[in-house]
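Visitor: Hi! Could you walk me through this one?
Guide: Happy to, here it is.

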Amino acid sequence: MRNQKLKDLREQLKSSSSCCIFCSRIFLAGKKVMQIALGRSPADEAKTGLHKLSKFLQGDSGLFFTNLPRDEVERLFREFEEHDFARTGSTATETVELKEGPLEQFTHEMEPFLRKQGLPVRLNRGVVELVADHVVCEEGKPLSPEAAQTLRLLGIQMATFRLYLVCRWSCDDFEVYKEGLAHLGADDDSC
């Protein structure tokens with residue numbers, strides 16, 4: 001989870017809310033603790049039907065409590081999307097190739113660091129120069145630690161931070177969102 005992106009979402013929720021500042025909360029606590037708090041079966045649930053949420057608390061999931069209208073919550077989650085730098089192991093969304101020649105965006109002090117990242121560079125009259133074409137990453141392949149760092153230095157963002165609604169519970173209703181299930185890695189039969 002990207003902490004700053006969640007902070008941005010929390011700020012957006014605060015500013016979009018016409019009610020009090022504490023009407024929406026996101027919880028990303030221990031999954032087992034949250035499952036026990038909600039109830040794992042009808043016998044130990046806090047409110048009727050609340051145990052149904054427990055089986056969806058897996059992987060990178062959390063709970064979102066709000067008194068905002070359903071349509072507003074769905075709109076906020078649908079529209080919230082932020083680009084970010086990809087991390088090691090992420091799949092490259094494009095091939096990035098650097099051509100031989102000067103890399104003027106880097107200062108001469110960066111040359112040893114760039115060499116450690118696997119770039120074939122040298123200093124030529126104080127200018128960092130790529131001595132041969134270099135492929136930083138290839139589309140569809142996982143990023144190495146060096147490739148992820150190089151992309152960050154180049155300012156290339158390949159990751160998209162997005163949250164998906166998996167299910168919704170209210171006192172009189174429970175709903176599962178197909179798109180959210182797909183991103184959770186579950187399907188209707190297993191849940």
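Visitor: Where is arginine 125 placed?
Guide: Arginine 125 sits in the loop between S6 and S7; strands here are DSSP E runs of at least two residues, helices are H or I runs of at least four, and both are numbered from the N terminus. This is a predicted model, where local features need pLDDT of at least 70, side-chain atom pairs count only at pLDDT 80 or more, and totals for chains, interfaces and linings use all residues. Residues are numbered from 1 along each chain as its sequence is written, and side-chain values use heavy atoms, leaving out hydrogens and water.

Visitor: Is arginine 125 buried or exposed?
Guide: Exposed, with a relative accessible area of 83% (buried is under 20%, exposed over 50%, partly exposed in between, with a 1.4 Å probe and protein chains only). Its phi is near 55°, a positive value in a residue other than glycine. Most residues other than glycine have a negative phi.

Visitor: And how many bridges join S6 to S7?
Guide: Four, and the two strands run antiparallel; pairing takes at least two DSSP bridges. Arginine 122 stands opposite glutamate 129 in S7.

Visitor: What's the strand order in that open sheet?
Guide: S5-S7-S6, with antiparallel pairing. S5 (101-102) and S6 (121-124) are at the edges with a single partner strand each, so one side of each has no neighbour in the sheet.

Visitor: Switching to H5, which residues are buried there?
Guide: Ala147, Ala148, Thr150 and Leu151, in a helix covering residues 145-154. Down the axis of H5 they fall within an arc of 165°, so they line one face; the arc is taken from the directions from the helix axis to the C-beta atoms.
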